[in-house]
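Here is a short walk through one complex, meant to be read with the structure open beside you.

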Amino acid sequence: MIPIESESKTKDGTPVVYISKENLIPFMKEKKDEGYDMLLMVTGVDYVDHLEVVYHLLSTKDGRRLLVKTKTDEEVDSVTGIWPGANWHERETYDLVGIRFRNHPNLKRILLPEGWVGHPLRKNYPMDKKQYVNLGEDGEDKVSYDPKEGY
Amino acid sequence: MTDSILLTTLDEALRWGKGKSLWPFTFGLACCAIEMMSAMGPDYDWARFGADVFRDSPRHADLMIVSGTVTKKMAPRIRRLYDQMAFPKYVISMGACASAGGPYVRGYSVVDGVDKVVPVDIYVYGCPPRPEALIQALKQLQDSIASGKVRH
Ligand code: SF4
């Protein structure tokens, strides 16, 4: 039995469990064996003093749902080994919230161009420092702080 | 004397023909593109006005309708597609986003107006503009091409 940090319910009755990030992978494996065969979504939340990763699980057999949350500083284990569909969700969470997923097969930006500085959904992202994007010779993205260098 | 009269008339006829044979470029960026598809669909059927078939290649097209939010990642690609279009070429900026950044203007990833990227002939306001507004913009563009006000 894997220890749960705390347990509650959302307004519509979906159970929410907090799990420590060390126990995340064994816990998720157990949940998959229990019938939660689909990972609907992975998101990240910035609570200023810590970051949180939220996993929405669904059992396609009987429609049960489960929210798994884990607190982290910036790094957490990837669940791509359990649900391969987590790949792009984790890349998006890395891109916008800046959570690094250990053992992810291809952890790079998915929406923003390569070379972008910072993760825009963080509370401490500097909104007044605009970045500009242009295309390089070989069609790669180039990012700079100079408005003359791009759009 | 006769020559010059024949020339102006021919020029006018050519301009009229140019206006009536616009080939739009299949190119949708955000929610406005849904209204653009509606304008070309059977309900509004803008083929009636002589801009019927949307082309899939910039080299076949001469009208670019920027229908939606221009993100910073997309902007250099829009420029590249515009450069690949053959002359004469025209640009309609459709909706608040393409014209001035729209509701996302303060976002980290949005260009505030496609006129920073390519020259624009007609702006259409609305979020999104109704298909009638887009058709009106098309008519205006055709009239300005026919009267010689717009040339590229
Ligand atoms: S102007 Fe409005 S409808 Fe058009 S792309 Fe922007 S948000 Fe969407």
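## Contacts and make-up of chain A

Within chain A, 41% of the contacts with a separation of 6 or more are between residues 24 or more positions apart; two residues are in contact if their C-beta atoms, placed from the backbone, lie within 7 Å. This is a predicted model: local features need pLDDT of at least 70, side-chain atom pairs count only at pLDDT 80 or more, and totals for chains, interfaces and linings use all residues. Residues are numbered from 1 along each chain as its sequence is written, while chains are lettered from A and ligands numbered from 1 in the order in which they are written.

Chain A has two helices and nine strands, and from the N terminus on they run β-β-α-β-β-β-β-α-β-β-β. Helices (H or I, at least four residues) and strands (E, at least two) are DSSP runs, numbered from the N terminus. Of the 151 residues in chain A, 24% are buried, meaning 20 or more other C-beta atoms lie within 10 Å of the residue's own, again placed from the backbone.

## Where the chains meet

Ten residues of chain A are in contact with nine residues of chain B. The chain B side splits into five nonpolar, four charged and no polar residues. Nonpolar covers Ala, Val, Leu, Ile, Met, Phe, Trp, Tyr, Cys and Pro; charged covers Asp, Glu, Lys and Arg; the others, Gly among them, are polar.

## Around the ligand

The residues surrounding the ligand include Cys31(B), Cys32(B), Cys97(B) and Cys127(B), with a C-beta atom, placed from the backbone, within 6 Å as the cut-off. Helix α4 (residues 95–100) of chain B gives the most to this shell, three residues. By class, the shell has eight nonpolar, four polar and no charged residues.

How values were computed: Buried ≥ 20, exposed ≤ 12 C-beta atoms within 10 Å, placed from the backbone.
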